Amino acid sequence: MSGGRQRVGIAVLGLGWMGQAHSRSALRIPSLFPERAVDPELVVCADTDPERRERAVRDFGFARAVADWTEAVGAPDVDAVWVTAPNMVHIPMIEAACAAGKAVFCEKPIGGKPEHAVAAHRAAAAAGVATGVGYNYLWAPLVLHARQLIASGQLGRITHYRGRFLSMYGSDELGLLSWRFQLDQAGYGVTSDILSHSVAQAMFLLGPIEEVIGMRETTIRRRPLPQGTASHYGRGRPEDPHGEVENEDFASMLCRFAGGATGTFECSRTMVGPESQNAFEVYGTEGSLAWNLERINELQYYRRGTHAETGYTTVFGGDRFPFHGAFVPGQANAIGFEDLVAIEDYAFLQSLATGEPFSPGFAEAVDVVAVQQALIDSWDSRTWQPVPAWREGNRA
Ligand SMILES: NC(=O)c1ccc[n+]([C@@H]2O[C@H](COP(=O)([O-])OP(=O)(O)OC[C@H]3O[C@@H](n4cnc5c(N)ncnc54)[C@H](O)[C@@H]3O)[C@@H](O)[C@H]2O)c1
């Protein structure tokens, strides 16, 4: 305890894009949230890449960095573990953290296949440790506001939901064959990587999904092989040796929500044009809402009667909405991607100190991957598939 606040020693496993984002959260939380109940401390970073380990200590201020993640998980000065390595190493990391009694925050999708999230949930429940999962877009202040508008009945009865996550990260044929394109490192492709965000967002806003049908495609089947640690944003050359893409570039899905609404979803990493279009539209009998990550600080709102002549109104983000004021005061002063990561990390850390339950955790991730499993089943059967009731409460 320091100043009435609880110290939480943090291990970060994998200092890539998201490991760095979460580490910066730990550094920023004290100045962003002075009313906090917790003081995060960057204790140890584990990464197989020596340059990343050097950066961890030099640039982020971790007390130490190790190559073997098992050393980090078991360290007595670590209270909570952030799992930010490629998907297919999530599960051994989570199981070890649970066995050591540490709280675990894991990046989505928790492993690469639906059964992995189920295994993670089982391990955490058996150990009784707190869990969090990185569906960071749920924490966007205007998404939280959208949820509140829907719950309050402002849109009437919800009849339809459109979700999409169209990213260009794999749209260049010379984009490297990074871990995301390989079965043994990523598991499934876009359904694990980005449809997971869309489905989590839909269920956060509208509740459980009952049945689905969909299709998939791999549009770019060979890519240049990387040398060393490679990001999916890296580029190779035509003359470089190429390897096979082993998972899907595109998936679409029709669904029915338990509340009666119909839903349509699309996700792709290879379409040219949409750069990071994580978006949703919600249609009700009295109005509708639309939000798009590319315009993270704007919510489109239409209400029958009120907007009949003007059409949609743009609601700008601002400190009247949850968490926004921690970053910048006033209205229409923008916040960004890493601010959502800071919000989720703050909320998770607070829950560790106060004992309040945190959501989304591994239980909610099981609900999301149950939908993914039904979609996968529909690829083979070419028929509508019920969402498996893997967890009490994930169905109506
Ligand atoms: N929530 C989001 O918006 C979001 C965005 C990007 C990635 N992600 C998720 O975060 C996770 C990491 O993705 P990323 O884009 O940050 O990956 P990345 O490729 O940028 O970084 C992965 C890091 O893990 C390290 N690593 C690999 N194997 C390791 C091992 N066995 N032990 C320790 N370190 C190891 C690599 O050296 C690298 O530094 C994935 O599960 C991904 O789905 C989430």
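Biologist: Why does Ile110 count as buried?
Modeller: Ile110 has 0% relative accessibility, and buried means under 20%, so Ile110 counts as buried. Bear in mind that this is a predicted model.

Biologist: Thanks! What makes the backbone of Ile110 worth a look?
Modeller: Its phi is positive, about 65°, although Ile110 is not a glycine. Most residues other than glycine have a negative phi. You will find Ile110 in the loop between S5 and H5.

Biologist: Which peptide bond in that loop is cis, and how do you know?
Modeller: The bond from Lys108 to Pro109 is cis, with omega near 5°. Pro109 lies in the loop between strand S5 (103-106) and helix H5 (114-127). Most peptide bonds are trans.

Biologist: Where does Pro360 sit, and what kind of peptide bond joins Ser359 to Pro360?
Modeller: Pro360 is in the loop between H10 and H11. The bond between Ser359 and Pro360 is cis, with omega about 5°.

Biologist: Let's go to Arg382. Is Arg382 buried or exposed, and why?
Modeller: Arg382 has 72% relative accessibility, and exposed means over 50%, so Arg382 counts as exposed. Arg382 is in the loop between H11 and strand S17 (385-386).

Biologist: How far is Ala125 from Phe33, in sequence and in space?
Modeller: In sequence they are 92 residues apart, and from C-alpha to C-alpha the separation is 30 Å.

Biologist: Since we are at H5, why is H4 called roughly parallel to H5?
Modeller: The axes of helix H4 (residues 90-99) and H5 cross at roughly 5° and come within 9 Å. Angles under 35 degrees count as roughly parallel, and that makes H4 roughly parallel to H5.

Biologist: Which residues bring H4 and H5 together?
Modeller: From H4 come Ile91, Ile94, Glu95 and Cys98, and they meet His116, Ala119, Ala120, Ala123, Ala124 and Ala127 of H5. Sorted by class, this contact has eight nonpolar residues, one polar and one charged.

Biologist: What makes H1 and H10 roughly perpendicular?
Modeller: Helix H1 (residues 17-32) and helix H10 (residues 337-354) pack at about 70°, with axes 8 Å apart. Angles of 65 to 115 degrees count as roughly perpendicular, so H1 and H10 are roughly perpendicular to each other. Is their crossing left-handed or right-handed? The crossing of H1 and H10 is right-handed.

Biologist: Which residues take part in the contact of H1 with H10?
Modeller: On the H1 side they are Trp17, Met18, Ala21, His22, Arg24, Ser25, Arg28, Ile29 and Leu32, meeting Phe337, Glu338, Asp339, Val341, Ala342, Glu344, Asp345, Tyr346 and Leu349 of H10. Ten residues of the H1 and H10 contact are nonpolar, two are polar and six are charged.

Biologist: Why are H8 and H11 called oblique?
Modeller: Helix H8 (residues 190-206) and helix H11 (residues 362-381) have axes that come within 9 Å and cross at roughly 120°. The roughly perpendicular range is 65 to 115 degrees, roughly antiparallel is over 145, and oblique takes the rest. H8 and H11 are therefore oblique to each other. H8 passes H11 in a right-handed crossing.

Biologist: What does the contact of H8 with H11 consist of?
Modeller: Thr191, Ser192, Leu195, Ser196, Val199, Ala200 and Met203 of H8 meet Asp367, Val368, Val371, Gln372, Leu375 and Trp379 of H11. In this contact of H8 with H11, eight residues are nonpolar, four polar and one charged.

Biologist: How do you know that helix H6 is mostly covered?
Modeller: H6 (residues 141-151) has eleven residues, and eight of them are buried. The buried ones are Pro141, Leu142, Val143, Leu144, His145, Ala146, Leu149 and Ile150. Just after H6, Gly153 has a positive phi of about 90°.

Note on methods
Residues are numbered from 1 along each chain as its sequence is written. This is a predicted model: local features need pLDDT of at least 70, side-chain atom pairs count only at pLDDT 80 or more; totals for chains, interfaces and linings use all residues. Side-chain values use heavy atoms; hydrogens and water are left out. Axes are lines fitted to C-alpha atoms, for helices over the stretch in contact, and angles run from 0 to 180 degrees between N-to-C directions. Helices (H or I, at least four residues) and strands (E, at least two) are DSSP runs, numbered from the N terminus. A crossing is left-handed if the near helix is turned anticlockwise from the far one by less than a right angle, and right-handed if clockwise. Contact means heavy atoms within 4.5 Å. Ala, Val, Leu, Ile, Met, Phe, Trp, Tyr, Cys and Pro count as nonpolar, Asp, Glu, Lys and Arg as charged, and the others, Gly among them, as polar. Buried means under 20% relative accessible area, exposed over 50%, partly exposed in between (1.4 Å probe, protein chains only).
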